[in-house]
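Have the structure open while you read.

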Amino acid sequence: MANETTDKKVGINALGAKAAYNLANVTKTKPQYGALTPKWLTKFLEFKGLETGLFRVNKVVEGETPLDVLCSQTKKTDIIPEGYVEYETEPREYKLSSISTIINVNTAIEDVYSSPYDQVQEQLGLAIESLRERQESQLINNDDYGLLKNIADSQRIQPRRDDGRPTPDDLDELISKVWKEPSFFLAHPRAIAAFERECTRRGVPPVVVDIAGGKFLTWRGIPLVPTDKLLVDGVKNPKSQGGKTNILLVRTGEAKRGVIGLFQAGLKNEHSRGLSVRFRGIDNKGVASYLLSLYCSAAILADDAIAVLEDVEVGEYYDYE
């Protein structure tokens, strides 16, 4: 009778990974919110704190020179010109806009699940970042004080090429509009990429510099600051290959008669610039509530403090051999 053999699978006589997992500590990250951006605009823009939420921009009536003066090595007359500088009688006033949200946290969740990360602080942190994202968007796109809506017609230009590609010539034209100490260009990342392609094609790649902890392309020594709040065809992240957007050139600073951001100074329960966080109490279900309010606006102190290159095409590419 033939011998019969039985094949047996030989296992490892040791604790399995699945069971061991239950005893292991897991290293965790804080909540990762993919929609957050560096918000470079609010870092590059100079801000001014207000006392009462109102800001009046007083201007003189524009002219070639504010006053006639006597300037001669050999006097042709002893009469010194006299006069005065005329101010606008109805200067523009800016009122701070509020951006608010309410965060609710179950106190039982806070008590039990706040290690290693405090649940309240994580909720507040993400809410604050969301408010700051909206602030940057409003500074650019708000119908009242947004930069795009308040650029003078004389400071608006179109691309030199019919297809709308942003060329070095176009950015040079922007510089000619904001030639008094320009601070930074502001553009969607895809617009910056389109400009870089044009520079590569012409053999003049932009220089990269380190500023405020980030790396930026520059043109004529002026950084190109990225933001997705300068929309492409009305959206932050266009799905199509092409699209139209704008590129801004900004001079910032009150002393330079530039563009400045505005915020309410000395807020009660102030968390950071222009932002207050108020505890609203705990309801009868044990839910704690927090009110977050951010107050902001922007002002263009002189027409030549900002210019825009409009209808920039971001979807043109080249084939290189």
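A salt bridge here is a side-chain nitrogen of Lys or Arg within 4 Å of a carboxyl oxygen of Asp or Glu. K39, E129, E133, E136, D228 and K229 are joined up in a network of such bridges. Across the structure there are 21 salt bridges.

A quick word on what you're looking at: this is a predicted model, where local features need pLDDT of at least 70, side-chain atom pairs count only at pLDDT 80 or more, and totals for chains, interfaces and linings use all residues. Residues are numbered from 1 along each chain as its sequence is written, and side-chain values use heavy atoms, with hydrogens and water left out.

**Charged pairs**

| Salt bridge | N to O distance |
|---|---|
| K149 and D143 | 3.7 Å |
| E181 and K256 | 4.0 Å |
| K215 and D210 | 2.9 Å |

What does the pair of E181 and K256 tie together? E181 sits in the loop between α5 (168-177) and β6 (184-187), and K256 in the loop between β10 (244-250) and β11 (259-264), so the bridge links parts that are 75 residues apart in sequence. Helices (H or I, at least four residues) and strands (E, at least two) are DSSP runs, numbered from the N terminus.

How open are these side chains? Buried means under 20% relative accessible area, exposed over 50%, and partly exposed in between (1.4 Å probe, protein chains only). E181 counts as exposed because its relative accessibility is 51%, while K256 is partly exposed at 36%. In the other two pairs, D143 is exposed at 67%, K215 is exposed at 65% and D210 is exposed at 58%.

**Empty space**

Rolling a probe the size of a water molecule over the atoms shows where empty space is left. The search runs on a 1 Å grid over the protein atoms alone: a cavity is a set of points where a 1.4 Å probe fits but cannot get out, a pocket is an open set with protein on both sides within 12 Å along at least five of seven lines, and lining residues have an atom within 4 Å of a point. Grid points are joined across faces, edges and corners, and a volume is the space filled by probe spheres set on the points.

The largest pocket holds about 460 Å³ of space. Its lining has 16 residues, with K59, E62, R257, L301 and A302 nearest the centre. By class, that lining splits into five nonpolar, two polar and nine charged residues. For these classes, Ala, Val, Leu, Ile, Met, Phe, Trp, Tyr, Cys and Pro are nonpolar, Asp, Glu, Lys and Arg are charged, and the others, Gly among them, are polar.

The whole structure has one cavity of 30 Å³ or more, and the largest cavity holds about 30 Å³. Y94, Y145, L147, N150, A298, A299 and I300 line this cavity: six nonpolar, one polar and no charged residues. Strand β14 (residues 287-300) gives the most to the lining, with three residues.

**Two leucines**

L67 lies in the loop between β2 (54-57) and β3 (92-95), and is partly exposed at 38% relative accessible area. L217, in strand β8 (residues 214-219), is buried at 16%.
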